[in-house]
Amino acid sequence: MSYYFAIVGTQDNPLFEHEFGTSKQGGDGQPRFSEQARHMNQFIVHSSLDIVEEAQWGGGQMYLKCVDKFFNNHVSCLVTGGNVKFLLLHQPTTPVSATSTRSSTSIGANPTSPQTEEAVRNFMLEVYENWVKAIMSPFYRANMEVRSPVFRQRVAAAGRKYL
């Protein structure tokens, strides 16, 4: 499965972006987005912001699960207390069949399974903890892009650990 992770600020500006692939079940951690899909990732994630803003006021929870689907891409979201949105676009390795009667428990095969949702939730919460540590820096200003290589390494490590 390939992943595109973005942190979007309160003014809908991108604060952080990272692409990675699955490290589970023999994956090498490299994203497998096609060149055309790679250019569409930002648009897919930003188009789901309207749905996220509707959903965030409905339940009162930070983690909103899978909020949007665009062809074979699924978007999961976590909204912080400061209204910063963590969006994870995940693309399964094989297309999910709606006519299939068997449900796979593989994280890469079924992006809406409970196991996948739990893995994505754990990933988001770990990144959120690292996010809080990064923005507590006295040099960080609200809605400023995060360029810290340490933060990028910690996001990559969380991706390897959970996804």
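**Before starting.** I call a residue exposed when its relative accessible area is over 50%, and buried when it is under 20%. The model is a predicted one, so I checked confidence before anything else.

**Confidence.** I got a mean pLDDT of 83 for the chain, with 81% of its residues at 70 or more. I marked residues 96-104 as a stretch to read with care: pLDDT stays under 50 there. For those residues the model has seven contacts beyond four places in sequence.

**Layout.** I counted four helices and five strands. Going from the N terminus, I read the elements as β-β-α-α-β-β-β-α-α. Of the chain's 163 residues, 44% count as buried. I also looked at contacts between residues at least 6 apart in sequence, and 57% of these join residues at least 24 apart.

**Helix 2.** Which face of helix 2 carries the exposed residues? I found Asp 50, Glu 54, Trp 57 and Gly 58 on the face turned away from the buried side. The buried residues of helix 2, which covers residues 49-59, are Leu 49, Val 52 and Gln 56. Looking down the helix axis, I see these buried residues within an arc of 45°, so they line one face of the helix. Just past the end of helix 2, I noted Gly 60 with a positive phi of about 75°.

**Gln 56.** I then listed what Gln 56 touches, leaving aside neighbours within four places in sequence: Leu 64, Val 79, Asn 83 and Lys 85.

In what order do the five strands lie? I traced an open sheet with antiparallel pairing, in the order 2-1-5-4-3. Strand 2 (14-21) and strand 3 (63-70) are the edges, each pairing on one side only. From one strand to the next, I get an average twist of 20°.

**Strands 1 and 2.** Ser 2 has Gly 21 as its bridge partner in strand 2, and Ile 7 has Phe 16. The hairpin has five residues between the two strands, and Asp 12 takes a positive phi near 60° in this hairpin.

**Helix 3 on the sheet.** Next I followed helix 3 (residues 114-135), which packs on the sheet and touches strand 1, strand 2, strand 3, strand 4 (73-79) and strand 5 (85-91). The direction of helix 3 makes about 145° with that of strand 5.

I listed the buried residues of helix 3, among them Ala 119, Val 120, Phe 123, Met 124, Val 127 and Trp 131. Thr 116, Glu 117, Glu 126 and Asn 130 are also buried there. What covers the buried residues of helix 3? I found that the cover includes strands 1, 2, 3, 4 and 5, along with helix 4 (149-162).

Note on methods:
Residues are numbered from 1 along each chain as its sequence is written. This is a predicted model: local features need pLDDT of at least 70, side-chain atom pairs count only at pLDDT 80 or more; totals for chains, interfaces and linings use all residues. Side-chain values use heavy atoms; hydrogens and water are left out. Buried means under 20% relative accessible area, exposed over 50%, partly exposed in between (1.4 Å probe, protein chains only). The arc is that of the directions from the helix axis to the C-beta atoms. Two strands pair if DSSP finds at least two bridges between them. Axes are lines fitted to C-alpha atoms, for helices over the stretch in contact, and angles run from 0 to 180 degrees between N-to-C directions. Contact means heavy atoms within 4.5 Å. pLDDT is the predictor's confidence in each residue, from 0 to 100.
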